[in-house]
Amino acid sequence: MKKSKIFSVVLAMFLILTLNVGAVRAADTARIYLDAVQAKSGIVTVSCKAENVGKISNGKLRITYAADKLHLVKTEAGDGLKKGNFQTVINDPIDGNKAEGEIVFVFASSREQEVSGNLVTMTFSANEKLDLKDTGLNLKAEEWNKTSGSDINVSIKDLQYRSEVIDKIEPTPTPEKKISLNDTQIAEIEDQTYTGRAVRPGVTIQYQGKTLTEAKDYALTYKKNKKIGKASVTIKGIGEYEGSKTMTFYIAPRPPRIKKAVSDSRKKVSLRWSKKKQADGYQIKIARDKQFTRKVKTVNIKKNTKVKKTVKVKGKGRAKYYVRIRSYKIIDGKKHYGKFGYKKAVRIK
């Protein structure tokens, strides 16, 4: 065999081997991961980032976290998708239908485009002593697709997706003079309804007409906020604000379900509803309109054992009325009401 032929064969084999090694290396460096940073104030910022993943058309990421450790404040799409003009949708506990502890981020484009950098940023409030390794942060890439080609569903294994938590502390800027939370106006927290999960109502704080922002001006820490009864939230000033204040709020039972609502006699409606074991009583409202503003009749049931009642309505009757019921719990000597259940229409004789 001529030397030139041998050289050509060797060169071809070298190129093939080099390309294969290069492809393996490229796959090894491709990843999507979580980068979590906790500030001394207790604010935790989590970024979902992509590196060396190439061109894709759409993706779906599911991010989970421990709901009893972190409280979501806000989510926003990152700048890693802006170059390709991707359409993005975030389903989270704030603006979507997800419960605290889960966030789903979806993005899509009509053609394959480069994805690199920050995909989505999440801001949480947490106890400042929290160890980030205990937050349960986890990332799952459920879709990572191209519009064409043999590798439409690029496997997660090939791209080596992984989740990382980096435990580092950011210094909090110290302004010359801070404003005490004692000089702000904090609104009372309304009664909440039991959900079976941790209840985290927001707070409204104002200072000289300005409404403060969570994660920027203050952080929240909740206690005893899962069961029916008295709960609390501690507000800690951050940024330009300092000091702390603890507010109490109350969690009332879920509303009962209306089993029966019929009119057997003139201007009267017979009601029967399901019993709520932890309730101390119920409140019934009957009105002529769905908004419960016309001819409103309110009846309080003082015993939990009573689950039926005949009520005389206001007005002339002989029309459609609407009825709804809610539970209440007596805590610290005061009635605390949960939400009303679904309203039911009944035609009164």
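**Salt bridges, core and surface of a predicted model**

K329 forms a salt bridge with D280, and the closest N and O atoms of the two side chains are 3.9 Å apart. K329 belongs to strand 24 (residues 319-331), whereas D280 sits in the loop between strand 20 (268-273) and strand 21 (281-287), so the pair ties together parts that are 49 residues apart in sequence. With a relative accessible area of 22%, K329 is partly exposed; D280, at 25%, is partly exposed as well. The model considered here is a predicted one.

The salt bridges number seven by the rule applied here. One of them joins the side chains of R62 and E142, with a distance of 2.6 Å from N to O. This pair links distant parts of the chain, since R62 is in strand 3 and E142 in strand 8, 80 residues apart. E142 has a relative accessibility of 31% and therefore counts as partly exposed, because that class lies between the limits of 20% and 50%. R62 and E142 also take part in a network of salt bridges, in which they are linked with K60 and E102.

A further salt bridge brings together the side chains of E100 and R200, at 3.8 Å from N to O. Here both partners lie in loops: E100 between strand 5 (87-91) and strand 6, and R200 between strand 12 (192-193) and strand 13 (205-207). The two residues are 100 residues apart, and the pair again links distant parts of the chain. R200 has a relative accessible area of 18% and is therefore buried, because buried means under 20%.

The next topic is the nonpolar interior. In soluble globular proteins, nonpolar side chains tend to be buried together. The largest nonpolar core of this model has 31 residues, and those with the most contacts inside it are C48, L61, V115, L119, F124 and W144. Several strands each supply at least two residues of this core, among them strand 1 (31-39), strand 2 (43-51) and strand 3 (55-64).

L220 is located in strand 15 (residues 218-223), and its relative accessibility of 2% makes it count as buried. L220 and I235 are 15 residues apart in sequence, yet their C-alpha atoms are 4.9 Å apart in space.

Finally, the surface carries a patch of positive charge, where R257, K259, K260, R272, K308 and K344 gather. Of these residues, K308 is found in strand 23 (residues 308-312). K308 has a relative accessibility of 57% and so counts as exposed.

Notes
Residues are numbered from 1 along each chain as its sequence is written. This is a predicted model: local features need pLDDT of at least 70, side-chain atom pairs count only at pLDDT 80 or more; totals for chains, interfaces and linings use all residues. Side-chain values use heavy atoms; hydrogens and water are left out. Patches are made of residues with over 30% relative accessible area and no salt bridge: like charges are joined within 9 Å, nonpolar side chains (Val, Leu, Ile, Met, Phe, Trp, Tyr) within 5 Å. Accessible areas come from the Shrake-Rupley method with a 1.4 Å probe; for residues, only the protein chains shown count as cover. A salt bridge is a side-chain nitrogen of Lys or Arg within 4 Å of a carboxyl oxygen of Asp or Glu. Lys and Arg count as positive and Asp and Glu as negative; His and the chain ends are not counted. The place of a charge is taken as NZ of Lys, CZ of Arg, CG of Asp or CD of Glu. Helices (H or I, at least four residues) and strands (E, at least two) are DSSP runs, numbered from the N terminus. Buried means under 20% relative accessible area, exposed over 50%, partly exposed in between (1.4 Å probe, protein chains only). A nonpolar core is a set of buried Ala, Val, Leu, Ile, Met, Phe, Trp, Tyr and Cys residues joined through side-chain atoms within 4.5 Å.
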